[in-house]
Every structure is written in structure tokens, then in C-alpha cells.
Amino acid sequence: MEKLLLIAVGSALVNNVVLSQFLGICPFLGVSKKVNTAAGMGGAVVFVITIASFVTSLIYKYILTPLGFEYLQTIVFILVIAALVQFVEMFLKKIMPPLYQALGVYLPLITTNCAVLGVALTNVQKSYTILEGVVNGFATAVGFTIAIVIMAGIREKIEDNEVSPALKGTPIVLITAGLMAIAFFGFSGLI
Amino acid sequence: MNKCLERLFNGLIKENPTFVLMLGMCPTLAVTTSAINGLGMGLTTTVVLVMSNMLISMLRKIIPDSVRMPAFIVVVASFVTMVQFLLEGFIPSLYDSLGLYIPLIVVNCIILGRAESYASKNPVLPSIFDGIGMGLGFTVGLTSIGIVREILGAGQAFGKQIMPASFEPITIFILAPGAFFVLAGLTAIQNKVKLEAAKKGKKVETKAGCGEGCGNCTNCGGGK
């Protein structure tokens with residue numbers, strides 16, 4: 001239990017996926033204009049990464065390892081993730097239309113989010129068990145959500161300020177991200 | 001042959017993936033802690049890009065349109081896996097310092113983007129040169145960011161001390177926040193240049209990139 005908690009805090013705060021590992025920068029910069037959409041994207045990412053880390057851990061343990069095909073992990077994982085996102089999209093559309101309404105737009109964007117593949121590969125690299133892998137995936141995605149929602153909140157405030165023309169748009173967002181990364185350093189004392 | 005040279009120029013300068021298109025931001029931020037890492041990552045990506053462009057261009061008439069994305073992903077992922085093992089075997093130091101980011105080349109927008117927008121529509125030779133041009137452009141981008149960060153953060157370039165001993169290294173530049181600050185400075189300079197050009201009445205094409213919004217990421221990666 002203690003190990004699970006350590007993994008969770010470590011992935012969500014200390015080694016924040018966006019601010020210290022630089023995974024998922026594209027949606028972090030692209031979908032962080034409004035708090036609502038940022039939270040929607042965060043929700044979709046939590047959903048997909050948790051399922052994806054469960055499925056990929058399962059496949060690695062019960063299919064790739066017994067057959068001695070560990071070296072195929074990258075190919076297998078990326079295909080599984082792409083298929084999974086499609087499947088989740090269709091499933092939500094049929095079974096849970098309200099959730100689909102809320103997350104639908106963001107789902108196709110997630111295939112190209114390198115955080116999903118990154119988590120799957122980290123799980124293998126650190127030889128996590130299936131449960132640890134799922135916890136790691138969930139916590140990483142929660143860390144992503146925290147970062148993107150805070151970022152969106154700050155960006156909404158920046159809108160009201162006067163930014164010098166050259167810094168408008170991406171540069172000021174990157175500077176904000178840098179300051180957030182410094183703030184997140186504070187968590188490194190936790191573990 | 002002219003067309004091939006044009007592709008090289010296009011990748012290095014006109015459509016430089018790092019500075020102009022702003023693609024592949026994850027590795028750009030993550031591995032540029034030193035010049036040598038940036039160079040290694042750039043060259044690794046170049047190799048994958050050239051090989052995948054070549055194979056996809058060869059297969060462009062065989063791959064059915066409806067399954068082209070999964071097919072491209074399989075091709076790219078196979079080359080990435082091969083390169084990963086070659087690095088592990090022959091340059092273990094680079095393999096260790098790049099770590100997780102080597103398999104993540106698979107989801108680099110640049111590679112699928114070139115496969116989709118160039119290699120799947122053009123003959124083999126120009127596609128190879130397109131890959132070389134784009135790859136070298138990416139390498140130049142990563143290496144120069146790496147040099148800036150290494151000089152500011154450690155007073156070195158390619159591991160050699162170049163700043164005088166009295167220079168106090170600004171360690172934050174080789175840590176995570178430094179990556180964001182350097183990239184912010186870079187895009188600000190680029191904006192400045194664009195604004196100046198716009199003032200002079202020149203029309204500046206705005207190219208879509210990852211920084212501009214995620215819809216564009218899907219264009220190059222998801223293909224939907």
C-alpha cells in the first residue's frame with residue numbers, strides 16, 4: 001500500500017508528466033485556453049491513460065513475455081493505444097452519450113499524446129505489476145490534469161493583461177509553464 | 001537532382017521543423033539539456049525519418065488509403081525499435097541519456113507528418129532527401145537549443161569548458177524550467193521577426209504547428 005501511495009504521489013506531483021518529463025506538451029499548450037476545455041481534456045486523458053496502462057500491462061505480462069516478444073513492445077503498444085482510443089470513442093458514443101458529449105472532441109487528440117505511450121513504456125521499464133501500473137497511469141494523468149487546469153486558469157488571467165507584442169501567444173505561455181515547473185520543484189521534498 | 005536539393009533546403013531552412021513549424025516539441029524540450037544529447041536525438045530521428053520516408057514512398061501504391069495511418073505507424077515503430085537496439089548495442093551512453101525518448105520517436109509529429117504529407121505522394125529519391133532535409137533541420141534546431149542551455153547552465157559546449165572560470169553557471173537552464181524559458185525566448189524572437197516583416201508590408205505565411213493548437217497535431221499524427 002505504501003509503495004502504491006509513493007508511486008501515486010511521485011507520478012502526479014514530483015515527476016509531473018508535463019512540467020518535468022515534457023510529455024503531452026502539445027495538448028498542454030493547445031487546449032489550455034479555457035478552464036472548462038482544459039478540464040474536459042484532463043478528464044479524457046485520465047480515462048484513456050488509466051485504461052491504456054491496464055491493457056498494455058496485461059498484454060506485456062500475458063502475451064509478450066511468455067512468447068519472448070518483449071522487443072515488440074513499442075509497436076504493439078502504439079497500435080493497442082490507437083485501437084483503444086477508437087474503441088473507447090465508439091463505446092462511449094453508444095453506451096454513455098452524456099460522457100461522450102463531454103469528452104468526445106478530445107478523444108481523437110489523445111492518440112498523438114505521447115504521455116499515453118510514455119506511461120505504458122515507463123510501466124514496463126520500472127517493471128511495475130499490473131496494479132502498480134494502473135495506479136501509475138492514473139496518477140500521471142491526474143498530474144497532467146492538475147497542470148493543464150492550473151495553466152488554463154493562469155491563461156484566462158493573462159488575457160486581461162497587456163503583454164508585449166512579441167511575447168503574445170506561445171512565448172508567454174511557455175514562460176508561465178517554466179514558472180510552474182519551478183513551483184513544482186517544491187514537491188520534490190515529498191519523497 | 002534539383003528537386004532533391006530543394007527538399008534539403010526546404011527542411012533545413014524554409015520549413016525547419018523546430019523553429020518554423022514547431023513540431024516535435026516533447027523531445028525538443030526534454031533532451032536538450034546538453035548539446036551532445038540534442039545532436040544525438042536529432043540524428044536518431046533523422047535516421048528513422050529517412051528510412052520510414054523511403055519505405056513508405058516505396059509502398060505508397062500498395063498501401064490502401066483507408067488503412068494508411070496504421071500502416072505508417074507500424075513502419076515507423078519498426079524502424080524505431082531497430083534504431084533503439086542499435087543504440088543500445090553500439091552507443092550505450094547515448095542510449096542511457098535519451099532513455100524513454102527513443103521509443104517515443106514513434107509519436108513524434110514530424111515523422112508521421114512527413115509520411116502523410118510528402119512520402120506517401122512522391123517518388124523514392126525526393127522522399128529520401130525530404131527526410132534528410134527535415135531530419136537535419138530538426139538536428140540543427142535541437143543542437144542549437146542544447147548549446148544555449150549547456151553554455152548558460154554549465155558553462156560548457158559539447159562537454160568542453162568555454163566560459164571563463166569566473167562565470168557562475170545558471171543551473172536552472174539545464175533543469176526542466178530552463179527548457180521552457182529557452183523555447184519561450186526563441187519563439188519570442190521569431191514573433192518579433194514576423195512582426196517586423198509584417199510592418200514592412202511583407203506578407204508572412206503563418207504555418208500551423210503544435211504550439212498553435214492541438215487540431216494541427218491531429219492533422220499530422222492522427223490523420224483524421
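Helices (H or I, at least four residues) and strands (E, at least two) are DSSP runs, numbered from the N terminus. By that rule, B:N10 falls in helix α1 (residues 2–14) of chain B.

The structure is a predicted model, in which local features need pLDDT of at least 70, side-chain atom pairs count only at pLDDT 80 or more, and totals for chains, interfaces and linings use all residues. Residues are numbered from 1 along each chain as its sequence is written, chains are lettered from A and ligands numbered from 1 in the order in which they are written, and side-chain values use heavy atoms, with hydrogens and water left out.

**Confidence**

The model has an ipTM of 0.83 and a pTM of 0.84. For single residues the predictor's confidence is given as pLDDT, from 0 to 100. Chain B has a mean pLDDT of 83, with 89% of its residues at 70 or more.

| Element of chain B | Residues | Mean pLDDT |
|---|---|---|
| Helix α3 (highest) | 35–58 | 93 |
| Helix α9 (lowest) | 214–220 | 39 |

Over residues 207–224 of chain B, pLDDT stays under 50. The model has 46 contacts (heavy atoms within 4.5 Å) beyond four places in sequence for these residues. Where pLDDT is low, the predicted coordinates should not be read in detail.

**Chain B**

Nine helices and two strands make up the elements of chain B, in the order α-α-α-α-α-α-α-β-β-α-α from the N terminus. Of its 224 residues, 52% are buried, that is, under 20% relative accessible area (1.4 Å probe, protein chains only). Residues at least 24 apart account for 74% of the contacts in chain B between residues at least 6 apart in sequence.

B:N10 counts as buried because its relative accessible area is 4%. Beyond its neighbours within four places in sequence, B:N10 contacts B:E15, B:N16, B:R114 and B:M134.

**The cavity**

A cavity is a set of points on a 1 Å grid over the protein atoms alone where a 1.4 Å probe fits but cannot get out; lining residues have an atom within 4 Å of a point. The structure holds one cavity of 30 Å³ or more, and the largest cavity has a volume of about 140 Å³, the volume being the space filled by probe spheres set on the points. Its lining has 18 residues, with A:C114, B:C26, B:P27, B:V107 and B:N108 nearest the centre. Helix α2 (25–30) of chain A and helix α2 (25–30) of chain B each give at least two residues to that lining.

Definitions and conventions:
Buried < 20%, exposed > 50% of the residue type's maximum accessible area, 1.4 Å probe, protein only. 1 Å grid on protein atoms, 1.4 Å probe; cavity = no way out; pocket = protein on both sides within 12 Å on 5 of 7 lines; lining within 4 Å.
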